[in-house]
Amino acid sequence: GSLIEQLTTEKYECMVCCEVVRIVAPVWSCQNCYHVFHLNCIKKWARSPASQAEDSNSGWRCPACQNASVQVPKTYTCFCGKVHNPEWNRNEIPHSCGELCGKKRQCLDCPHLCNILCHPGPCPSCPAFVTKTCECGQTSHSVRCGQSTKIHCSNVCGNTLNCGKHSCTQVCHAGKCSPCQLTVQQVCYCGSNFKEVLCGSKEEFSDGFGSFSCQNICGKKLNCGRHNCKQVCHPQPCQLCPRLPQVVYRCPCGQTPLSKLLELGCVERKICTDPIPSCGKTCGKPLPCGSYEFIHTCESLCHEGDCRPCSHTSNIYCRCGFKKKVRLLGGFFLFLIATITFMCDKRCNKKRSCGRHKCNEVCCVDTEHKCSLVCGRKLNCGLHRCEEPCHRGSCQTCWQTSFDELTCYCGESVIYPPVPCGTQPPECKNTCTRPHDCDHP
């Protein structure tokens with residue numbers, strides 16, 4: 001309305017030349033800010049270096065809003081762009097064609113074209129009414145076309161959540177529903193432990209046997225009905241009983257097939273609790289003790305169950321390898337404990353990494369022999385000592401600095417801060433000006 005009034009009364013000024021825009025003068029209107037300029041003025045401005053955008057490929061900038069345009073305007077058209085060189089009519093808006101505008105409105109939701117006469121400035125909001133649904137889709141409302149605000153009702157959303165089992169309990173809202181916050185109880189594969197997780201999360205997945213492993217021994221009854229599963233809590237069905245007749249084919253020590261023992265008169269096994277026949281040979285299974293030099297084996301006759309503790313002796317060296325002991329060991333853990341605890345009393349005579357001190361550690365196994373003492377030598381300044389770990393070679397320069405000016409004795413020459421610690425006063429070739437107690441210079 002303001003633009004129409006100013007253009008009609010010839011009070012609107014062109015921003016480029018600062019002259020009044022006449023009714024019959026050709027004009028150009030920016031489609032971003034809707035300012036009106038003389039057509040010749042905007043042509044000159046678009047070709048001037050001052051109008052060029054920062055990116056040289058973007059074109060020229062509008063003098064009012066700095067919006068970049070690629071093409072330079074060449075023709076005089078009405079505000080809606082349908083008529084070239086429109087003629088002025090006393091009963092119509094200056095520079096308009098007098099027909100319906102017909103431009104698409106700026107609102108993306110509005111499908112209706114502008115239905116007022118060709119005009120300057122932005123098109124007014126659409127007067128039509130349309131029916132829109134709220135965010136949850138349960139209610140409908142009659143609103144102005146192109147209304148950008150979302151409609152919210154007072155009903156509970158009720159949409160299905162990410163878990164696919166529960167519904168949203170929030171009041172009608174924008175965007176996606178929040179993830180389900182309810183917790184569900186899960187059972188482990190063996191059924192002895194439980195835990196709670198969020199409904200719909202990845203952790204809720206179950207394969208029919210359970211949802212997670214509790215890392216305990218399964219303990220379920222095997223298919224034989226007499227023995228329990230000794231595996232760690234697992235998702236798949238338990239394995240067959242390892243003592244079933246159809247699973248066991250050899251004697252306990254594994255040296256002789258059961259078919260050969262049956263030929264020699266052994267009783268055939270019917271169920272898993274029947275004892276496995278022994279071949280009568282020495283077991284010979286390797287024991288967990290021993291050493292790399294000599295592997296200890298079980299000396300008992302072929303038997304079921306675990307082997308007896310070892311009756312052999314083993315050589316145990318201290319950790320630095322200087323002394324050796326012979327011990328009677330009854331198992332791998334005793335051997336391991338003895339190996340770790342046995343240390344000799346020999347002190348290391350090798351030099352440490354600094355080259356100044358000896359290692360002096362008991363039963364030493366270190367290869368680098370790093371020195372843990374502080375260096376303590378005087379630095380180049382002569383005032384401070386080195387605080388680094390004891391090292392080879394020269395110490396680093398003193399890191400302390402002074403932020404006071406350092407002058408010569410007469411004060412003529414100055415070294416400005418920062419001044420490294422230990423710096424001598426500067427040399428001065430000027431005549432000394434310090435006063436004496438007497439009157440002579």
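Student: Which residue in E8 is the bridge partner of Val187?

Tutor: This is a predicted model: local features need pLDDT of at least 70, side-chain atom pairs count only at pLDDT 80 or more, and totals for chains, interfaces and linings use all residues. Residues are numbered from 1 along each chain as its sequence is written, and side-chain values use heavy atoms, leaving out hydrogens and water. Across from Val187, the partner in E8 is Phe194.

Student: How many bridges join strand E7 to strand E8?

Tutor: Two strands pair if DSSP finds at least two bridges between them. E7 covers residues 183-187 and E8 covers residues 194-198; they run antiparallel. The number of bridges joining them is five.

Student: Which residue in the turn between E7 and E8 has a positive phi?

Tutor: E7 and E8 form a hairpin, with six residues between them. In that turn, a positive phi of about 85° belongs to Gly191.

Student: What stands opposite Thr133 in E6?

Tutor: Look at strand E5 (residues 129-133) and strand E6 (residues 140-144). Five bridges join these antiparallel strands. Opposite Thr133 stands Ser140.

Student: What is the phi of Gly137 in the hairpin of E5 and E6?

Tutor: That hairpin has six residues between the strands. Gly137 takes a positive phi, and the value is near 80°.

Student: Is His173 buried or exposed?

Tutor: His173 sits in the loop between E6 and E7. Buried means under 20% relative accessible area, exposed means over 50%, and partly exposed lies in between (1.4 Å probe, protein chains only). His173 has a relative accessible area of 16%, so it is buried.

Student: How far apart are the C-alpha atoms of His173 and Cys153?

Tutor: Along the chain, these two are 20 residues apart.

Student: What is the relative accessible area of Cys14?

Tutor: Cys14 lies in the loop between helix H1 (2-8) and strand E1 (27-29). Cys14 is buried, and its relative accessible area is 1%.

Student: Is Glu10 buried or partly exposed?

Tutor: Glu10 is also in the loop between H1 and E1. It has a positive phi of about 55°, although it is not a glycine. Its relative accessibility is 26%, so Glu10 counts as partly exposed.

Student: What is the relative accessible area of Tyr34?

Tutor: Tyr34 is in the loop between E1 and strand E2 (36-38). It is not a glycine, yet its phi is positive, near 70°. Tyr34 is buried, with a relative accessible area of 14%.

Student: How much space lies in the largest cavity?

Tutor: On a 1 Å grid over the protein atoms alone, a cavity is a set of points where a 1.4 Å probe fits but cannot get out; a pocket is an open set with protein on both sides within 12 Å along at least five of seven lines; lining residues have an atom within 4 Å of a point. Grid points are joined across faces, edges and corners, and a volume is the space filled by probe spheres set on the points. The lining of the largest cavity includes Tyr34, Phe79 and His119. The space in this cavity is about 30 Å³.

Student: How many charged residues are in the lining of the largest pocket?

Tutor: About 340 Å³ of space lies in that pocket. Among its 18 lining residues, the closest to the centre are Leu222, Asn228, Lys230, Pro242 and Arg243. Asp, Glu, Lys and Arg count as charged; Ala, Val, Leu, Ile, Met, Phe, Trp, Tyr, Cys and Pro as nonpolar; the others, Gly among them, as polar. The lining has ten nonpolar residues and four polar ones, and the number of charged residues is four.

Student: Which peptide bond is cis, with omega near 0°?

Tutor: Go to the loop between strand E13 (414-415) and strand E14 (419-420), where Pro418 lies. The cis bond runs from Pro417 to Pro418.

Terms used. Helices (H or I, at least four residues) and strands (E, at least two) are DSSP runs, numbered from the N terminus.
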